[in-house]
Amino acid sequence: MIERLINLDRRIIFMFVAIAVTVPLLAKFNLPVRTTRDVENIFNKIDSLPENSHVLIAFDYDPASKEELQPMAEALLHHCYQKDVKVIGMTLTPGGTGLAVSAIENIGKQYDKTKGTDFVFLGYKTGVELVMINMGENIYSAFPEDFQGNPTLNLPVLEGIDSLKDFDYVVDLASGSSIEAWIAFGKEKYGFDLGAGCTAVIGPDMYPFLQSEQLNGLMSGLKGAAEYETLIKQESSAVAGMSPQSVVHILVVLFVLFGNTMYFMSKRNR
Amino acid sequence: MNFLKRTIPLIIAFVMGVTMALQYYVPHEVSQSLLKVVSRWGITIGGFAVFLGAYSLFHLHLTKIKRKLPGWGYSTFVFLGAGITIVFGLYNGGEFFWQDKQEGTMFEWIYFNVQVPAGATMFSILAFFMASAAYRTFRARTNEATILLIAAIIVMLGRVPIGTMISQYLPIAADWIMSVPNMAAKRGILIGVSIGAIATSLKIIFGIERAYLGGGD
């Protein structure tokens with residue numbers, strides 16, 4: 001019996017996970033989200049920016065990481081538009097263009113923002129570190145046209161911007177290793193304030209950069225997005241996602257404890 | 001032939017490696033212009049990597065189909081998916097690819113209705129496998145494994161809102177684990193990886209490491 005429980009059919013585990021995800025979503029209950037200093041630092045930075053400041057958001061993720069990073073991007077955009085901050089978007093991931101455009105433009109519409117004047121999406125460029133260096137020397141050299149093919153040189157939204165040095169704040173939303181690249185080839189070379197958002201898997205890797213203050217703040221995983229939604233008082237998909245995530249975490253802990261109990265019982269029987 | 005395939009690439013790697021390393025420390029206008037030009041070259045060369053990647057992908061799956069290797073049927077979807085997407089991408093809503101990017105095209109429809117949900121689904125499936133793997137492999141077999149297990153449980157509960165409802169100390173303990181032991185380990189790995197990257201770069205610049213030239217030596 002114990003051996004059977006130790007080698008529990010994985011489909012039973014899958015079924016429990018499916019129930020743990022769907023029931024909280026159907027029941028629609030929100031849990032109170034406690035905010036952390038790392039997310040508050042990003043919020044405070046954007047909140048302190050004067051009107052018409054320039055924020056660069058790098059949407060360095062693709063649809064595979066949408067569930068974690070798109071709510072983060074949307075919460076950030078809501079905050080920027082509420083503060084009348086000019087938003088410049090770009091991506092170093094080819095699959096990220098569609099998600100970035102839909103977030104920038106759809107949320108911009110909610111605040112009556114104009115494309116080219118209040119926000120722009122520069123599009124995708126290959127080369128990662130080289131793009132950062134090129135943007136650091138001259139942004140119009142790296143992106144002579146925006147995503148729709150309009151020349152960037154005379155765009156009102158980029159007025160006063162020549163290179164990365166001129167941005168008031170840069171946020172990288174990443175599902176890969178682009179945050180390290182932004183630190184080494186962007187922040188350290190051109191000296192701007194950098195914040196980051198990443199998938200929960202990457203989060204632990206970023207702590208050395210937080211302590212060295214190379215990152216002023218970090219949003220990690222769906223929890224980071226939920227914290228930002230809480231801070232801007234605009235609870236949406238990330239906060240809604242906290243209840244199934246909490247239940248699944250409890251379930252996994254129970255599975256681990258149950259698995260260990262069975263393991264020790266089988267050891268004792270032997 | 002050896003001169004063209006070996007010596008010239010080695011000379012280019014040495015000259016460009018040394019020049020760009022020195023350039024970092026020279027804030028002169030000429031140095032900055034050089035950086036701008038070289039980074040643009042790099043971006044252009046990087047564009048060609050897309051073609052290499054596509055060729056490699058298609059070659060791999062074509063071989064699987066030709067040899068009827070296990071799972072070859074799935075490889076046909078690579079050609080089907082890529083083919084349809086490329087055609088609609090080039091069609092650009094009837095304006096074709098030489099015009100500016102159009103909005104509301106079939107390409108966009110495929111992106112939002114196929115790629116986005118498929119990508120999100122693949123990622124979401126991980127939750128099921130992680131739960132199964134945690135149940136099977138997370139055992140307190142040794143003292144080290146027990147410490148890891150306890151830390152994992154604290155972090156798992158402390159990083160979600162329900163953790164605060166269980167105990168107000170759980171998030172504090174989870175934050176401490178992430179900010180102190182986790183950070184120390186990550187920093188150690190980071191320093192090691194960085195030293196390794198510097199050593200490899202020097203080996204490439206001075207022609208000691210030649211694997212990138214191909215041929216296996």
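In H3(B), Ile84(B), Thr85(B), Phe88(B) and Gly89(B) meet Met106(B), Phe107(B) and Ile110(B) of H4(B). Contact requires C-beta atoms, placed from the backbone, within 7 Å. By class, five residues of this contact are nonpolar, two are polar and none is charged. Nonpolar covers Ala, Val, Leu, Ile, Met, Phe, Trp, Tyr, Cys and Pro; charged covers Asp, Glu, Lys and Arg; the others, Gly among them, are polar.

The model is predicted: local features need pLDDT of at least 70, side-chain atom pairs count only at pLDDT 80 or more, and totals for chains, interfaces and linings use all residues. Residues are numbered from 1 along each chain as its sequence is written, while chains are lettered from A and ligands numbered from 1 in the order in which they are written.

Helix H3 (residues 72–91) and helix H4 (residues 106–137) of chain B pack at about 140 degrees, with axes 8 Å apart. Axes are lines fitted to C-alpha atoms, for helices over the stretch in contact; angles run from 0 to 180 degrees between N-to-C directions. H3(B) and H4(B) are therefore oblique to each other.

In chain A, six strands form an open, parallel sheet ordered E3-E2-E1-E4-E5-E6. Strands E3 (119–124) and E6 (217–220) are its edges. Helices (H or I, at least four residues) and strands (E, at least two) are DSSP runs, numbered from the N terminus. Pairing requires at least two DSSP bridges. Strand E5 (residues 194–198) pairs with E6(A) over four bridges. Gly197(A) has Met219(A) as its bridge partner in E6(A).

Technical notes
Angles under 35 degrees count as roughly parallel, over 145 as roughly antiparallel, 65 to 115 as roughly perpendicular and the rest as oblique. Two residues are in contact if their C-beta atoms, placed from the backbone, lie within 7 Å.
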